[in-house]
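Good morning, and thank you for joining this group meeting. Please look at the display before I continue.

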Amino acid sequence: MTTTAAPATPAAVGDTAPAGSSPPRRRRRDHLAGWAFLAPFAVVFLAFIVWPIVFGIYLSFTDRSLTGAGGDLIGFTNYAEAIADGDMWRSMGNTLWFTILSTVPLVLVALVMALLVNEGLPAQWLWRLSYFMPYLLASTVVSLFWIWLYNPQLGLINDALSTLGLQEVAWLQDPQVAMPAIVIATLWWTVGFNFLLYLAALQNIPEQQFEAAQIDGAGKWRQLFSITLPQLNQTTILILILQVLASLKVFDQIYQMTAGGPGGATRSAVQYIFEVGFTGYRFGYSAAITYVFFAIIIIVSLIQFRVTARRSA
Amino acid sequence: MTTATMNAGALTAAGPGHKPGERRFGLGRVLAFAVLVILAVTWLLPFAWAVVTSLKSETDAAAFPVTWIPAGGFTFDAYAKVLAEGNIPVWAFNSLFSSAVITIITVATSALAAYAFSRLDFAGRRWMYFAVIASIVIPPQVLIIPLFYEMLALNMVDTYWGLILPQVVLPAMVFILKKFFDQIPIELEDAARVDGANRLRVFWTIVLPLSRPILAAVAIFVFITAWNNFLWPFIVVNDTSLMTLPVGLQTVKSAYGVQYAQNMAAAILAALPLIVIFLFFQRQIIKGISTTGFGGQ
C-alpha cells in the first residue's frame with residue numbers, strides 16, 4: 001500500500017506540546033484509551049485463541065471423552081501413548097511428505113508464472129485471471145473438480161493418457177500415487193497466491209537497474225540471474241515460510257478427495273487429531289496429539305528461520 | 001508495504017526499459033508467450049470440463065468414451081435438479097451471512113487494537129502485542145478440540161454464534177494494520193487533538209479515512225478466508241439448514257454418488273458467487289491479496 005507519506009515536518013507544532021503541559025494526566029488517559037481500544041479484540045483473542053491453548057494443555061492430561069465422561073487427571077499417560085502410536089507418527093509423516101512434495105512446485109511454478117507475466121506480453125488480464133482464479137474456490141469445489149478429473153474410467157486425465165497410448169493411472173486409489181495426485185490438485189488450487197506475491201515483488205524492482213544492465217550489454221538471462229533473482233531473495237524466503245506453514249496444516253482437500261486413504265496412505269496429522277477426537281471420542285488423547293504436532297510445527301519453523309536467516313544475512 | 005500499483009505496473013512493464021532490445025520480439029518472446037498460453041489452458045481446463053459436464057444429461061456424463069460434445073445435446077437438467085433440492089440457496093445465504101459478519105467484526109476489532117498498539121501508550125501494551133504476534137504462527141486447525149469443548153460449554157454448537165465467533169480472530173490482520181498506522185504522520189492527529197477531539201474521534205475522522213486501501217485489503221482477505229473455511233464449520237454445524245456452502249457440498253458429494261452432472265452443477269453453483277465478485281473487483285482483490293499476503297511488507 002502506498003502512503004504518500006508526507007515528510008514529517010519537524011517545524012510543525014511540537015507534537016507533544018499539549019500533553020507536555022501535564023504529563024501525568026496524559027499517561028493516565030492513555031491507559032484508559034489504550035485498553036478501551038484494545039478491549040474488543042482482547043476479548044475474542046482471549047476467548048478463542050488463548051483459552052483453547054491453555055485449556056487444551058489441561059485436556060491433554062485428562063482422559064476426557066467427547067461425551068463428557070472421564071476427566072480425571074492421568075498425568076503423562078496420553079503423551080506416553082502418543083509416542084508409541086504408530087498411526088500418529090504415520091499421519092505426521094504423511095503431513096511432512098505432503099509439505100515436501102507441495103512446497104517446491106508451489107514456489108517454482110509461481111515464480112515461473114510471475115516472471116513470464118512480468119515480461120509485459122499481451123493479454124495480461126487473462127494470465128492473472130486463469131492462474132489466480134482457482135484460489136477463490138472452496139476446497140470442496142476443488143475436490144469435486146479433481147475427483148472427477150481423476151476418475152479411473154470417465155476422467156479427463158486417464159482419457160488423455162489412453163489417447164496418447166500411455167498406461168492409465170489409478171490416481172486416488174493407488175497408495176503410491178494418491179499423495180502426488182493430491183499435490184497436483186493443490187498446486188492448481190493455490191499456486192495463484194504465491195504467483196501474486198512474486199508478481200508484486202517483481203514490479204517493485206526499479207526499472208533503472210535493468211536499463212543500466214542493458215547499457216552494459218547484459219542479456220536477458222544475465223539480467224535474470226544477476227538482478228531479478230537476487231532481488232527476489234527476500235520474497236522467496238517469505239513465500240517459503242508461508243508455504244510450509246500452510247502445507248503443514250493440510251486437511252480439507254485430502255479429507256475430501258481420499259478421506260485419508262487408501263489404507264491411511266494420505267491421512268494427515270490434522271485429520272488424525274480430528275478422527276481421534278470426533279470419531280474416537282477421545283478428547284484428552286486428541287489434545288495430547290495436538291501438542292505433539294504443535295511441537296513439530298515449532299521445530300520445523302525454527303529450522304526454517306535458522307536456515308533462511310543465514311542465507312539472507 | 002508493497003508499493004506496486006499492480007495492474008498499471010504490469011501493463012507498462014514492457015515500457016521504456018525494455019525498448020532498446022528490439023530482438024525481444026524474437027524467439028524468446030514467442031516462447032514465453034507459448035508457455036503462458038499452455039499454462040493458462042492447463043489452469044482453465046478443470047473449469048471448462050466441470051462446466052461441460054454440468055451441462056450434460058446424467059447418461060451423457062457417464063458415457064464412455066469421454067466426449068466434450070454430448071450425444072444428447074446440452075441441458076440445464078442438472079442445475080434444475082440441484083436447485084430443486086433447495087439446500088444450495090440456503091447454504092449460499094449462510095456462507096454470505098457468516099462471512100460478512102466475520103469480516104465486519106474482524107476488521108473492526110483488529111483496527112481498534114492496531115490503533116492502540118500503534119499510537120497509545122498503556123500498561124501491558126508490549127506484552128499484549130508480543131502475544132498477538134506470537135499467535136500468528138498457530139494454525140487454528142490445531143485448536144479444534146479445545147475450541148469445540150468451549151462451544152459445548154457455551155451451548156453454541158449448531159448455532160450461528162458457534163459458526164461465527166471462533167473465526168473472528170486473525171492476529172496477522174492486527175499486525176498488518178498496525179504497520180500501516182505507524183506510517184501515518186502523527187502531526188495530522190495532533191492537530192485534531194489540539195482542537196479538542198478525543199481519541200475515538202481522531203481515529204474515526206482522520207485515521208480510518210486515510211486507511212481505506214489497507215482496510216479494503218484486510219476485509220477482502222478475511223472474507224475469502226471465511227468464505228472458504230471448511231474444517232471449523234464442518235465440526236461445529238450438523239444442522240443442514242445452518243451449513244455453509246463448502247460443508248453442504250461435502251454432504252451432497254456423498255448423496256449424489258455417481259451423478260456426475262449434478263456433482264459438477266453443484267460445484268459450479270458454489271463457485272459462482274466468489275468468481276462473479278472477482279470478475280467485478282479484480283484489481284482490488286489482486287491488490288488486496290498481494291498486500292495482506294506479505295503481512296504488509
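Let me begin with chain A, which contains 14 helices and zero strands. Read from the N terminus, its elements run α-α-α-α-α-α-α-α-α-α-α-α-α-α. Please bear in mind throughout that this is a predicted model.

How much of chain A counts as buried? The figure is 39% of its 313 residues. As for the contacts in chain A with a separation of 6 or more, residues 24 or more positions apart account for 69% of them.

I turn now to one helix of chain A and the loops on either side. Helix α13 of chain A, residues 269-278, is mostly covered, with eight of its ten residues buried. The buried residues in α13(A) are A:A269, A:V270, A:Q271, A:Y272, A:I273, A:F274, A:V276 and A:G277.

Most residues other than glycine have a negative phi, and most peptide bonds are trans.

With that in mind, consider the loop between α12 and α13 of chain A, where A:A259 is found. Phi of A:A259 is near 55°, a positive value in a residue other than glycine. Is A:A259 buried, partly exposed or exposed? A:A259 is partly exposed, because 14 other C-beta atoms lie within 10 Å. The loop between α12 (252-257) and α13 of chain A also holds A:P262. A cis peptide bond links A:G261 to A:P262, with omega at about -10°.

On to the loop between α13 and α14 (283-312) of chain A, which is the place of A:Y281. A:Y281 is not a glycine, yet its phi is positive, at about 65°. With 15 other C-beta atoms within 10 Å, A:Y281 is partly exposed.

Next, chain B. How many helices and strands does chain B have? There are 16 helices and zero strands in chain B. Of the 297 residues in chain B, 43% are buried. Among contacts in chain B between residues at least 6 apart in sequence, 78% connect residues at least 24 apart.

Chain B, too, is described by domains: domain 1 is 24-82 and domain 2 is 86-293. The C-alpha centres of domain 1 of chain B and domain 2 of chain B are 33 Å apart. To their contact, domain 1 of chain B gives 13 residues and domain 2 of chain B gives twelve residues. On the side of domain 1 of chain B that touches domain 2 of chain B, the elements giving two or more residues are α2 (27-54), α3 (58-61) and α4 (77-84) of chain B. By class, that side of domain 1 of chain B has seven nonpolar, three polar and three charged residues.

Let us look at one pair of helices in chain B. Two packed helices are described by the angle between their axes and the distance between the axes. Helix α5 of chain B (residues 87-119) packs against helix α9 of chain B (residues 171-183) at an angle of about 50°, and their axes are 8 Å apart. The angle therefore makes α5(B) oblique to α9(B). Their crossing is right-handed. Residues making this contact include B:T106, B:Y115 and B:F117 of α5(B), and B:M173, B:L177 and B:F181 of α9(B). By class, the contact of α5(B) with α9(B) has nine nonpolar, three polar and three charged residues.

Finally, I come to where the two chains meet. The contact takes 90 residues from chain A and 101 residues from chain B. On the chain A side, helix α2 of chain A (residues 23-59) gives the most, with 19 residues. This side of chain A has 59 nonpolar, 21 polar and ten charged residues.

Why does B:F230 count as buried? The reason is that B:F230 has 22 C-beta neighbours inside 10 Å, and the cut-off for a buried residue is 20 or more. Leaving aside residues up to four places away in sequence, B:F230 touches A:A138, A:S139, A:T140, A:D252, B:P246 and B:V247.

Key:
Residues numbered from 1 in each chain as written. Chains lettered and ligands numbered in written order. Predicted model: local features only at pLDDT ≥ 70, side-chain atom pairs only at ≥ 80, totals over all residues. Contact = placed C-beta atoms within 7 Å. Helix = DSSP H or I, 4+ residues; strand = E, 2+ residues; numbered from the N terminus. Nonpolar A, V, L, I, M, F, W, Y, C, P; charged D, E, K, R; others polar. Axes fitted to C-alpha atoms, helices over the stretch in contact; angles between N-to-C directions. Parallel < 35°, antiparallel > 145°, perpendicular 65-115°, else oblique. Left-handed = near helix turned anticlockwise from the far one by under 90°. Domains from an automatic or database assignment. Buried ≥ 20, exposed ≤ 12 C-beta atoms within 10 Å, placed from the backbone.
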